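I am opening a notebook on a structure that is new to me.

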Amino acid sequence: MIPRARQFLGRKFVQDTLILQVGKIGTVLLSLVSSVLIWRLMAPAAYGVYGWAQSLLVIWQSLDLTGVGTSTSTRLAIAIGAQDEGAILDLMAFYVKVSTAVNVTLTILIGLLGAALARQIYNGNGQIGVLAAWLSVGSIADAFYGLMIIALQSRRSMRTITLMQNMNQFVLTLSLIVAVLISPTPEALVAGRLFYSYSTLVIALVVYHRLRRQGQVSFPPFGAVLRRALTVSPRPYWRFGVANAIDKNIAALFTQIPLQLVGITAGARAVGFLTLAMSAIGQAGVFTSAIFDNMQAVVPQAVGRRDFAGLRRNFARVLAAMTLGGLVFYGVLIVIAPIVIPPILGSRWIPAIPPLIALAIYGAVTTVGGIFGPLYRAFDQMRAIILVKLIALGAGLPVGIMILLSATTSAGVERFAGAGALVPYGLIGGGAGALAGALMIDLIFSISVTLTAVVTLPELWKRAR
């Protein structure tokens, strides 16, 4: 038994995952501190405006069809495995060239059109569009920071990534807490978010400069990456990148369209409750994200080596573990959420309990579904997966909209609450709309992950044979 345990713990994948997971614990604790303070200090409507603006920015960013992040992550891991320093420089330069052009263009577009469009959509309220425009300024720095993380992750420098992620979360926590203590408004949170984006970029550049020569393959100086970005041709990377972008953007719409529909039909309070529930599920999901981060580097390398039998064996183990772990973890969350939210956040956030409980389904489903991403990208099954996501969106949205419209009528609230069973949680004060939005998200993701497994697993089994 002990030799088997030592053999298991001695595996590179297991060690890297444990290192990342230890770091995630610190990240979650810091995130919880900032979130709890923000939720206690801010009114649900004010927090809802901030979440609404973030959601609007994500929808604007769906115009980005380059897929530069996920495609670079996959291809960079392959280039590092081949120890091809020329390809590494070109890939990083391509990322800088494309991400800068896209984010600057989107920032200008949102600045020019965001407020006017928001006034048309949100009954004359242009504030959400203005906040989204300022948030987009931070996305420029976030893209450069993302390249530093992609580079280190592709080289499997997990200890460094763990330290950077904790430093990143510490700066974010401090920035948001200071901002909301100065002024508990959505504008203050946006200002704190901007400070965080550019300060963490500086930290990431310093770390990259110090560590770029470590390992068997050296990364180029960042200055060389910037110079190469002026001349590198994006042509060899477009097809794979665009397919990844469409895949990623459709997945983002799985949560952002329901959130926008909840805001339009049920108001800012309902958005605040749903945003809190989504944030809580997102923070809980950090405990499993270490495996996703590790697989993003491991799976493409295994495909590059054509070790399909080993990949199938290990993937089956991870799939079984994630399924069991997701059911247990989110089952516990369902039990403790009604107990801890009222004393920690106060009675005004009680209506967030039903959507949080409902989104436990989304958490469990994405815990399983998250491990398929590196697999279908490495197999280049993008067309089939894009079709899967479109089917999920097309099938889930109409049903979800019917539920949402029913939940926002006075008669529908009573039926929706199950003959009054959930009234103690405050469904009438915007909670019904938030719960309906959560159920819409559950439905869309459940369809998508099920169909993704149907498409991806047979291909893995076929290659392994």
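My entries follow, from the whole protein down to single residues.

**Ground rules.** I am working with a predicted model, where local features need pLDDT of at least 70 and side-chain atom pairs count only at pLDDT 80 or more, while totals for chains, interfaces and linings use all residues. Residues are numbered from 1 along each chain as its sequence is written, and side-chain values use heavy atoms, with hydrogens and water left out.

**Overall.** I looked up the helices and strands (DSSP runs, numbered from the N terminus; H or I of at least four residues for helices, E of at least two for strands). The protein has 17 helices and zero strands. I then checked burial, where buried means under 20% relative accessible area, exposed over 50% and partly exposed in between, with a 1.4 Å probe and protein chains only. Of the 465 residues, 55% count as buried. Next came contacts, meaning heavy atoms within 4.5 Å. Among contacts between residues at least 6 apart in sequence, 84% join residues at least 24 apart.

**Cores.** I searched for nonpolar cores, which are sets of buried Ala, Val, Leu, Ile, Met, Phe, Trp, Tyr and Cys residues joined through side-chain atoms within 4.5 Å. The largest has 95 residues, and Leu359 is one of those with the most contacts inside it. Helix H17 (residues 431–464) gives this core its largest share, 14 residues. A second, separate core has 36 residues, including Ile140 and Tyr208. Back at Leu359, I set aside neighbours within four places in sequence and found contacts that include Leu274, Met278 and Ile441.

**Helix H6.** This helix covers residues 127–154. H6 is mostly covered, with 23 of its 28 residues buried.

**Helix H15.** The end C-alpha atoms of H15 (residues 382–407) are 36 Å apart, which agrees with the 38 Å its 26 residues should span. H15 bends by about 25° at Leu397, and Pro398 follows within four residues. Its buried residues include Ile385, Lys389 and Gly396.

**Ser55.** Is Ser55 buried or exposed? Ser55 counts as buried because its relative accessibility is 1%. This serine lies in helix H3 (residues 44–61). Leaving aside neighbours within four places in sequence, Ser55 touches Gln256, Leu259 and Gln260.

Key
Expected span 1.5 Å × (residues − 1). Bend = angle between axes of the 7 residues up to and from the residue.
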